[in-house]
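Thanks for coming, everyone. Please look at the screen while I walk you through this one.

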Amino acid sequence: LNGQDIPIHRPLVARAGDTLAFGAKPAAGVRAYLAVHGGFALPRVMGSESTYLRSGFGGFQGRALAKGDQVLLHAPLPPDRDLDALQEALWNQRVYLPASLGAKRREHIRFLPGMHWDEFSEATREAFDGGAEFRISPQSDRMGYRLLGPALSMSQPRQMLSEAACFGTVQVPSGGEAIILMADRQTTGGYPKIAQVASVDLPVLAQCAPGQTLRFQLIALEDAQRLDSERERAFTQLQDALAPLRALLA
């Protein structure tokens, strides 16, 4: 902020005319998230203020931000607020982030068997769950990650009707290169599904960059549900812990 390094996971006061900049070489991950008090004042499309670039709607005029754009705030701090005193009060608050919510890399991305797991060859299943390396292709985006690695094949290839797909579904087209569906995925797909990434590992996966290698590890449904429940409890704990911060901004 204004050329000075600032910590993450802390509330900071930015004044009119201040400049917030992101480093060219992030310490970890490929995406950063900026939480603004009250949120940005943007029109809601289908209940969301986010942008869907591929179709050009939502967010700010349905496009990526460009130099000179101005985005208003829902709840800017009142002009008569003592910002120095507020910043000191915010800084003196102690925020403890539950360990399960911290940014960390995993040796394996955990997954559940997909709808068609048993229809893939034994060699394919062993490769996918056996520590084989898959590299994220440069032809990857928020719609899907294409994986380069061992060719994946079904025991008996067949045509199938399109069916529902979701965030983390791993599809395998006829070429044998897997595609992990990401946040901007389509809602249906007609390729066989070899796996479903456990929801607890989706944030880790979303921070992976093209060129990075992935390994996968099969886990039981009960373990995936337990991990997801633990994450939800951690978010609830964090929500409760931030009550004093919200009180300062009220």
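Predicted model: local features only at pLDDT ≥ 70, side-chain atom pairs only at ≥ 80, totals over all residues.

Let me begin with a term. A salt bridge here is a side-chain nitrogen of Lys or Arg within 4 Å of a carboxyl oxygen of Asp or Glu.

Now take D84 and R15. They form a salt bridge, and their closest N and O atoms are 2.6 Å apart. D84 sits in helix 1, residues 83–92, while R15 is in the segment before strand 1, so the pair ties together parts 69 residues apart in sequence. How exposed is D84? It is exposed, with a relative accessible area of 56%. R15 is partly exposed, at 33% relative accessibility.

How many salt bridges does a search of the whole structure find? It finds 13.

Here is another. The side chains of D141 and R54 meet in a salt bridge, at 2.7 Å from N to O. D141 lies in the loop between strand 4 and strand 5, and R54 in the loop between strand 1 and strand 2, so this pair ties together parts that are 87 residues apart in sequence. D141 is partly exposed, at 35%. R54 counts as exposed, at 51% relative accessibility.

Next, R110 and D201. Their closest N and O atoms are 2.8 Å apart, in a salt bridge. R110 belongs to strand 3, and D201 to the loop between strand 10 and helix 3, so parts 91 residues apart in sequence are tied together. Are these two residues buried or exposed? Both R110 and D201 are buried. R106 joins in as well: R106, R110 and D201 are linked in a network of salt bridges.

On to the sheet. Strands of a sheet pair through backbone hydrogen bonds, either parallel or antiparallel. In this model, eight strands form an open sheet, in the order 11-4-5-8-7-10-3-12, with mixed pairing. Strand 11 and strand 12 are the edges, and each pairs on one side only. Look at strand 7 and strand 8. They pair in the antiparallel sense over two bridges. V170 stands opposite I180 in strand 8.

What packs on the sheet? Helix 2, residues 122–129, does, touching strands that include strand 3 and strand 12. Its direction makes about 110 degrees with that of strand 12.

Last stop: H116, in the loop between strand 3 and helix 2. H116 counts as buried because its relative accessibility is 6%, and buried means under 20%. Leaving aside neighbours within four places in sequence, H116 is in contact with R158, M160, E163, P192 and K193.

Technical notes. Residues numbered from 1 in each chain as written. Heavy atoms only, no water. Pairing = 2+ DSSP bridges. Helix = DSSP H or I, 4+ residues; strand = E, 2+ residues; numbered from the N terminus. Contact = heavy atoms within 4.5 Å. Axes fitted to C-alpha atoms, helices over the stretch in contact; angles between N-to-C directions. Buried < 20%, exposed > 50% of the residue type's maximum accessible area, 1.4 Å probe, protein only.
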